[in-house]
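The following note sets out several points on the packing in this model. Please read them alongside the sequence and coordinates.

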Amino acid sequence: MPHLLLTSPSNMQTPQAILFDLDGTLADTAPDLAAAVNVMRKNRQLPQANYLSLRPFASAGARGLLGAGFGITPEHPDFEAMRAEFLNQYESAIAVHSKLFRQVPDLLKGLDFLGISWGIVTNKAMRFTRPLIPLLDLQEARCVISGDTTPHSKPHPAPLLEAARQLGIRSEHCWYVGDDLRDIQAAEAAGMTSIAAAWGYCGATEPKQWKADAIIDSPLELLELVRAKHLQAIAS
């Protein structure tokens, strides 16, 4: 299925930079995140949770995965202790099965060929992004904004605006690509073109409900859209 533009193509700025969410957008990290949940379940003599029941919550971090794996919320008295346990377990096996989504390497090479800067804006703390980025071969990113780089995390626009500042590019000339509603909300708040990555985890709601500027079904469809905007800019 081709990419779905939810706004007029003429209203989309030609990008000078593409910013990406990490989990569920550039990289399939769900196997290692789910494994951390199941280690915790094993330690409690609980049966293993079905991987497919955990996968949609991988972009929601500890809150989402603990909710899916144990049915608890941040209001639960044990939540903070279990959150710390989950993060420690994940950190100890952070890139056993995680890998870039198919087509992502070709997408990033294509952006480099077009001279378009790309960076990463994630809610993952720097404690995890620092070791994970080189293990995923993403060290060529022009910027990496972690969940604790700024005082706020997505859906607040601060991390996206910090990425634009580091790149020296106005926010309206950036596109932000993510697989969660919070990503689209953050992009809108930052004045960036928002792109829903429908190949990702996507959480509890359908991307069609997020009011993104476009929905893309594969990484190379994103490259196709970027190329089309650049050709349009050259022709105009």
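1. Beyond its neighbours within four places in sequence, Q103 is in contact (heavy atoms within 4.5 Å) with S218, P219 and L220. Q103 is found in the loop between β4 (99-100) and α5 (104-114); helices here are DSSP runs of H or I with at least four residues, and strands are runs of E with at least two, numbered from the N terminus. The relative accessible area of Q103 is 19%, and the residue is therefore buried (buried is under 20%, exposed over 50%, partly exposed in between; 1.4 Å probe, protein chains only).

2. On provenance, this is a predicted model, in which local features need pLDDT of at least 70 and side-chain atom pairs count only at pLDDT 80 or more, while totals for chains, interfaces and linings use all residues. Residues are numbered from 1 along each chain as its sequence is written, and side-chain values use heavy atoms, with hydrogens and water left out.

3. The largest nonpolar core has 53 residues, a core being a set of buried Ala, Val, Leu, Ile, Met, Phe, Trp, Tyr and Cys residues joined through side-chain atoms within 4.5 Å. I18, F20, L22, F86, L111, L138 and L222 have the most contacts inside this core, and α1 gives the most to it, with 6 residues. Apart from it lies another core, of 16 residues, including L19, V121, L167 and I169.

4. F20 deserves a separate remark. Leaving aside neighbours within four places in sequence, the contacts of F20 include L107, L108, L111, W118, Y176 and L222.

5. The axes of α1 (residues 30-43) and α4 (residues 79-92) come within 9 Å and cross at roughly 120 degrees; axes are lines fitted to C-alpha atoms, for helices over the stretch in contact, and angles run from 0 to 180 degrees between N-to-C directions. The two helices, α1 and α4, are therefore oblique to each other (under 35 degrees counts as roughly parallel, over 145 as roughly antiparallel, 65 to 115 as roughly perpendicular, the rest as oblique). The contact is made by D32, L33, A36, V37, V39, M40 and N43 of α1 and M82, E85, F86, Q89 and Y90 of α4.

6. For α1 and α3 (residues 61-70), the axes come within 10 Å and cross at roughly 45 degrees, so this pair is likewise oblique. L33, V37, M40 and R41 of α1 meet L65, L66, G69 and F70 of α3 in this contact.
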